[in-house]
Amino acid sequence: MSTVFDALRLCPSALLLRDKAYEEMREVASPFTKGLILIIVVGVLVSLVNIVGTTLEWATSPSPKDIKDVVWEGMMEMPWVEEIPPERRGEIIGAIRQRYERGWRLFPRLFGAPHPASAVLGVVVKPLALLIGWLIYGLLAHIFARLLGGGARLGQTFGCTALAVSPQLLNLANLLPYISVGGVVGVWTLICNYLALKNAHRLSWGRAFWATLLPFITLALLAIALAAAGALMASGFITKGGD
Amino acid sequence: MIALIQGVLTLDTETFAEFAASRDVFKRGLLIILTVSLLMGFTTSAIDFYKRLTAPPLRERMREAVQGLDEGFRAMRQFAPMDPEMVRKIRRYAKAGIGIGFRIAALPTRLPKQVGSILRAVGSFLSAPFARLSGWMFYALLVLLAAKLLGGKATVQQMLGTTALYSLPHLLDIPAALLGLIPFVGGAARFLLGLASLAWGIAVYIKATAVANEFTTGRAIFAAILPILAMALFLLLVVIIIVGVIAAVM
């Protein structure tokens, strides 16, 4: 338990952009382990709180099934129904209804309709997503920081960038439903990552800036390249299929 | 605190310089922007709550919405002739759409409706500061980058902390929102006060950028508008590329 509290201790300072929090993390005995614990603890905390907020939102919202029926009723009152020839009306409306029902099985979940079950799933998914993001970003940021003249060890980079998970604590506001934290977590995380790399590698502002952004640029380019390769492969399959 | 507010509102250089050099400048700026946002949020939430309390029942509101639609059609017909059959059809589509919205609002929930209304009001009240924070942080970062390229000396903490002071003139938005409740003249009074707080806020922002970066006002203005110019240029480029691609394909 003391390890958990110890990991969380630096979070408020890191959130308030105090350089000494990042400097302290740089100098601890095992920054990677401490960072790893921090990421998991924050992820679990935030998702546990989210279960309460999501359940309250679910309990104060109409059920998707009721909404689905109301929307269908409304659609049937629209003039397009009368424009279908009467002899084919039953058949066409039946086909539309089938697709409509299929869509409603998928769309509410896809667009974030609140459900306690999906919030419970978040206890596993959220920490895992934070962990994967931290490992990939930390590794790339370390490579770029070293290329730009940084002097930290890999563990120190991981330890300091783990502190950039602190803005996720703003999501604790989701204990109450209908609160939108919005993009502030992303922007704040970016600033924390900048301070983490600047302090861990003792870089100038310009070098720290590039070390912070280059991992994102690399990942974006990689995603574009993968999408392009996928599109090329798909078009190749289609052409072959056509032959 | 009163001295700080007075110094900021009168654009006193010494007040800005002391604030920028203070320990934990980011925390101080953050607290100011949070307090202003919560005060503003409290006022607008109270007004919304009052409007909800005095709002007519759902059925009446639906009738009013359809009536508003009919009035809109009548006004449009004065400017351009419209096919009556087309108007009838659009009216039926719109009426069905409005009906869907109101019927969803009337659907039962697992907890009593009042619980949901209170939680929604609290949610919108507490969400306002987050929205303000994200806009302020994102734009301050862009201005900091522009300022650094122009030779600015501010740290990220100083830039964020001092530019947070721009929120102080926005305290005027509170009386503006209350004035808006007065029939006939309230809207105009609200608009004028809103305009004053916006202009004052921009002036404070530029002063904060200048002091934090040890700049002249001219450079600070340039740094503050450079992100907007860059974004506009980027958008223009995207539009030109899209138009070019469409032209090439056609």
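This is a predicted model: local features need pLDDT of at least 70, side-chain atom pairs count only at pLDDT 80 or more; totals for chains, interfaces and linings use all residues.
**Entry: chain A overall**

I started with the secondary structure of chain A, which comes to 11 helices and 0 strands.

Next I looked up the dimensions. The C-alpha atoms of chain A fill a box of roughly 80 × 55 × 25 Å along the principal axes. The radius of gyration of chain A is 25 Å, whereas a compact globule of 243 residues would have one near 18 Å.

**Entry: domains of chain A**

How is chain A divided into domains? The assignment gives domain 1 as 2–58 + 114–242, and domain 2 as 62–110. So that I could picture the spacing, I checked the C-alpha centres too: those of domain 1 and domain 2 of chain A lie 42 Å apart.

I moved on to pairs of helices. Two packed helices are described by the angle between their axes and the distance between the axes, and I noted both each time.

Helix H4 of chain A covers residues 31–59 and helix H8 of chain A covers residues 116–147. Their axes are 8 Å apart, at an angle of about 155 degrees. Angles over 145 degrees count as roughly antiparallel, so that is what H4(A) is to H8(A). The crossing of H4(A) past H8(A) is right-handed.

I then listed who takes part. From H4(A) I have residues including A:Ile39, A:Ile40, A:Gly43, A:Val44 and A:Trp58. From H8(A) I have, among them, A:Pro116, A:Ala119, A:Lys126, A:Leu130 and A:Trp134. By class, the contact has 15 nonpolar, 6 polar and 1 charged residues.

**Entry: H9 and H10 of chain A**

H9(A) brings A:Gln156, A:Thr157, A:Cys160 and A:Thr161 to the contact, and H10(A) brings A:Asn193, A:Ala196, A:Asn199 and A:Ala200. I sorted the contact of H9(A) with H10(A) into 3 nonpolar, 5 polar and no charged residues.

**Entry: where chain B touches chain A**

How many residues of chain B are in contact with chain A? I found 35 residues of chain B, in contact with 30 residues of chain A. On the chain B side, the elements that give two or more residues are helix H3 (25–53), helix H5 (84–105), helix H6 (113–149) and helix H7 (156–163). H6(B) gives the largest share of that side, 17 residues. By class, the side of chain B that touches chain A has 19 nonpolar, 8 polar and 8 charged residues.

**Entry: H6 and H10 of chain B**

I stayed with H6(B) and looked up its packing with helix H10 (residues 217–249) of chain B. The angle between H6(B) and H10(B) is about 115 degrees, and their axes are 8 Å apart. H6(B) passes H10(B) in a right-handed crossing.

Which residues of H6(B) meet H10(B)? They are B:Tyr139, B:Leu142, B:Val143, B:Ala146 and B:Ala147, and they meet B:Ala223, B:Ala224, B:Leu226 and B:Pro227 of H10(B). My class tally for this contact of H6(B) with H10(B) is 9 nonpolar, no polar and no charged.

How values were computed. Residues are numbered from 1 along each chain as its sequence is written. Chains are lettered from A and ligands numbered from 1 in the order in which they are written. Two residues are in contact if their C-beta atoms, placed from the backbone, lie within 7 Å. Helices (H or I, at least four residues) and strands (E, at least two) are DSSP runs, numbered from the N terminus. Ala, Val, Leu, Ile, Met, Phe, Trp, Tyr, Cys and Pro count as nonpolar, Asp, Glu, Lys and Arg as charged, and the others, Gly among them, as polar. Axes are lines fitted to C-alpha atoms, for helices over the stretch in contact, and angles run from 0 to 180 degrees between N-to-C directions. A crossing is left-handed if the near helix is turned anticlockwise from the far one by less than a right angle, and right-handed if clockwise. Angles under 35 degrees count as roughly parallel, over 145 as roughly antiparallel, 65 to 115 as roughly perpendicular and the rest as oblique. The radius of gyration is taken over C-alpha atoms; the globule rule is 2.2 Å times the number of residues to the power 0.38.
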